[in-house]
There are 2 protein chains.
Amino acid sequence: MKREEVFNFSAGPSVLPREALERAAAEILNYNGSGMSVMEMSHRSAFFQEIFDATKAKLKAALNVPDTHEILFLQGGASTQFSMIPLNLLESAEGIADYAVTGNFARIAMKEAKKYGDIRIAASSEADNFTYIPAQEELQLTPGAKYFYYCANNTIYGTEWSYVPETEAPLVCDMSSDILSRPVDVSKYGIVYAGAQKNMAPAGVTVVIIDKSLAGREMPITPLMLSYKTMIEKDSMYNTPPCWCIYMLGLTLDWLEKQGGVAGMEAIKHEKAKMIYDILDNSRLYKPHARVDSRSEMNITFRTGDADLDAQFAKEAQARGLMNLKGHRSVGGIRASLYNAQPMEGVKALADYMKEFEVKHHV
Amino acid sequence: MKREEVFNFSAGPSVLPREALERAAAEILNYNGSGMSVMEMSHRSAFFQEIFDATKAKLKAALNVPDTHEILFLQGGASTQFSMIPLNLLESAEGIADYAVTGNFARIAMKEAKKYGDIRIAASSEADNFTYIPAQEELQLTPGAKYFYYCANNTIYGTEWSYVPETEAPLVCDMSSDILSRPVDVSKYGIVYAGAQKNMAPAGVTVVIIDKSLAGREMPITPLMLSYKTMIEKDSMYNTPPCWCIYMLGLTLDWLEKQGGVAGMEAIKHEKAKMIYDILDNSRLYKPHARVDSRSEMNITFRTGDADLDAQFAKEAQARGLMNLKGHRSVGGIRASLYNAQPMEGVKALADYMKEFEVKHHV
């Protein structure tokens with residue numbers, strides 16, 4: 001089976017490790033001699049239970065998750081967490097939570113939480129079109145807040161938190177677009193969660209890592225599938241989980257281990273991002289969107305200053321197999337997503353192309 | 001790639017059409033010359049949009065869905081619908097709905113709805129261990145009810161509604177375990193929904209077919225991902241949908257069409273179920289669980305009357321490749337799920353085995 005020479009810079013769903021896909025291809029009709037595809041297996045079967053337990057164990061090892069925390073495999077994407085978090089943590093309509101609004105998804109999460117409680121904006125970079133991440137001293141923290149919410153990496157704007165906020169309230173963090181790209185001290189967090197479709201697996205599973213002491217506080221109106229307590233008690237199998245996505249996550253984690261785990265991945269990430277930021281910093285054509293101290297190493301956003309030229313950049317890139325470089329409509333310009341599974345060759349091909357394009361188009 | 005000779009009688013997730021799996025295997029690394037797996041594609045890409053639109057069109061054609069209704073591809077399984085339905089249709093805590101409780105999942109749905117409104121039991125076969133489906137004249141319908149809820153087929157008990165209830169209130173039906181196994185007049189329903197993992201696709205996508213005039217009545221507490229209106233407006237892409245499962249559903253629908261669509265499937269279903277029920281009706285060993293007029297053609301439940309012998313039945317079956325015949329713990333005994341993708345050879349192999357086992361064990 002030939003795979004064309006294509007590099008996929010999509011912000012998500014996005015490129016998966018080639019090795020993981022090849023293993024899935026080899027096993028898709030008959031998993032481990034079962035005579036069944038993983039897609040056909042009862043979630044209560046010994047075969048699937050083994051996949052489930054192994055995947056959980058691999059994730060626990062990869063992120064060094066302490067025993068105080070539980071790993072859940074849920075459905076509904078990050079957007080379902082936007083509701084699940086306040087429903088489970090605010091305790092009542094009087095419950096307070098602090099939100100740092102540093103991008104589109106943090107803003108949606110904040111608006112959704114307002115349905116359920118007293119939500120305060122601890123910081124916002126919206127007035128500056130989300131070009132930066134606020135510093136610790138800029139955070140306005142509310143005493144007695146039930147939690148502090150932030151989004152670690154903003155795919156649309158290309159910014160990323162370089163520090164872990166210090167707060168009295170439990171930290172709740174959306175790591176959808178940079179989980180597994182660097183070590184994380186999970187013990188510092190009340191909840192870490194991530195939709196799978198950037199660094200982990202195909203769309204359809206959401207990983208939630210929750211301090212078990214936070215469970216059991218859901219409001220009475222909480223839908224049964226949106227109770228962390230229920231999901232902890234049932235080990236994510238209150239109902240049928242998204243089995244295939246969990247299986248794929250396991251294959252990605254096998255690959256991750258061979259890259260040296262999250263520490264190895266971080267070193268590779270630095271190298272990949274530097275290759276592109278070095279070009280931006282030495283360019284007379286490209287203008288980066290994010291402030292230098294707030295740069296994301298997962299999603300790099302920039303523009304030429306000429307919308308037509310930006311479009312031409314993405315179009316000519318596609319002709320040579322560099323796919324999905326168009327920026328999000330709310331920022332425009334160009335966006336290159338360098339997720340874990342983006343091969344170094346892809347980043348090199350992009351760097352070469354950027355240099356060529358600049359020579360050709362810089363007046 | 002060899003696939004062992006195994007027939008999978010699991011109640012779900014369950015067997016998928018061999019042809020669909022083989023096509024998925026062939027395309028998994030490189031879909032249609034894109035150079036990407038469907039698992040890696042942006043849900044906003046032209047490639048995926050085409051898959052999405054085609055799958056929806058195929059489902060619309062297969063079930064003859066009228067233009068008054070919208071087809072949604074959601075996450076969270078049937079269990080999320082248990083909350084989504086009352087949150088969207090009851091309008092207020094005073095809103096009334098009638099529930100027919102004919103099995104485990106209808107009962108859970110009813111209990112969940114009680115969180116949100118005034119829920120009445122229109123009929124229940126619980127006192128008789130869910131062996132039957134109530135007749136039309138047994139249904140106690142509440143004037144002014146916002147909807148009437150029932151579960152078309154009960155996987156655990158092996159019963160199935162053979163008629164469409166006549167009610168003033170809109171019909172809401174969980175068809176998780178018999179959708180696509182027979183023609184349905186969708187125009188008679190307010191909502192038809194089904195988790196995919198029995199007759200459609202791998203676990204992870206829930207199909208909802210909703211009369212658009214019912215949308216927009218959600219209570220203010222409804223989580224954003226649980227609003228039918230939002231999902232209709234965004235064509236199921238408020239956030240990233242479960243792309244791979246939607247793709248697999250499309251492949252199943254291609255296969256279904258070759259079986260003569262739902263009408264063809266119904267004829268095959270009759271033949272398969274008859275093969276097993278004929279044995280039960282002529283047996284001195286096997287005792288069917290369901291009342292004759294309420295029999296399911298998807299899940300056939302029976303027992304020998306001796307729990308050890310039931311266990312032996314399932315165990316010896318497994319040794320000859322007839323997998324997952326053990327009944328659900330709440331009924332015990334034996335359960336054979338004959339979903340659409342269960343090949344006729346599988347049912348014949350089961351029939352032969354049942355006869356042999358009876359000769360060997362009937363005293």
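Entry 1. I looked up E233(A) and K229(A) in helix α5 (residues 228–233) of chain A, where they sit four residues apart and are therefore separated by about one helical turn. The model is predicted. E233(A) and K229(A) form a salt bridge, with the closest N and O atoms 3.3 Å apart. I noted E233(A) as exposed, because its relative accessibility is 55%, and K229(A) as partly exposed at 37%.

Entry 2. I then turned to helix α7 (residues 261–281) of chain A, which holds both D278(A) and K274(A), four residues apart, about one turn of the helix. Their side chains meet in a salt bridge at 2.8 Å, N to O.

Entry 3. D254(A) forms a salt bridge with K58(A), and the closest N and O atoms are 3.0 Å apart. Which parts does this pair tie together? D254(A) lies in helix α6 (residues 243–258) and K58(A) in helix α2 (residues 46–62), both of chain A, so the pair links parts that are 196 residues apart in sequence. Is D254(A) buried or exposed? I recorded D254(A) as buried, because its relative accessibility is 18% and the cut-off for buried is under 20%. K58(A), at 24%, counts as partly exposed.

Entry 4. For the total, I noted 46 salt bridges over all chains.

Definitions and conventions
Residues are numbered from 1 along each chain as its sequence is written. Chains are lettered from A and ligands numbered from 1 in the order in which they are written. This is a predicted model: local features need pLDDT of at least 70, side-chain atom pairs count only at pLDDT 80 or more; totals for chains, interfaces and linings use all residues. Side-chain values use heavy atoms; hydrogens and water are left out. A salt bridge is a side-chain nitrogen of Lys or Arg within 4 Å of a carboxyl oxygen of Asp or Glu. Helices (H or I, at least four residues) and strands (E, at least two) are DSSP runs, numbered from the N terminus. Buried means under 20% relative accessible area, exposed over 50%, partly exposed in between (1.4 Å probe, protein chains only).
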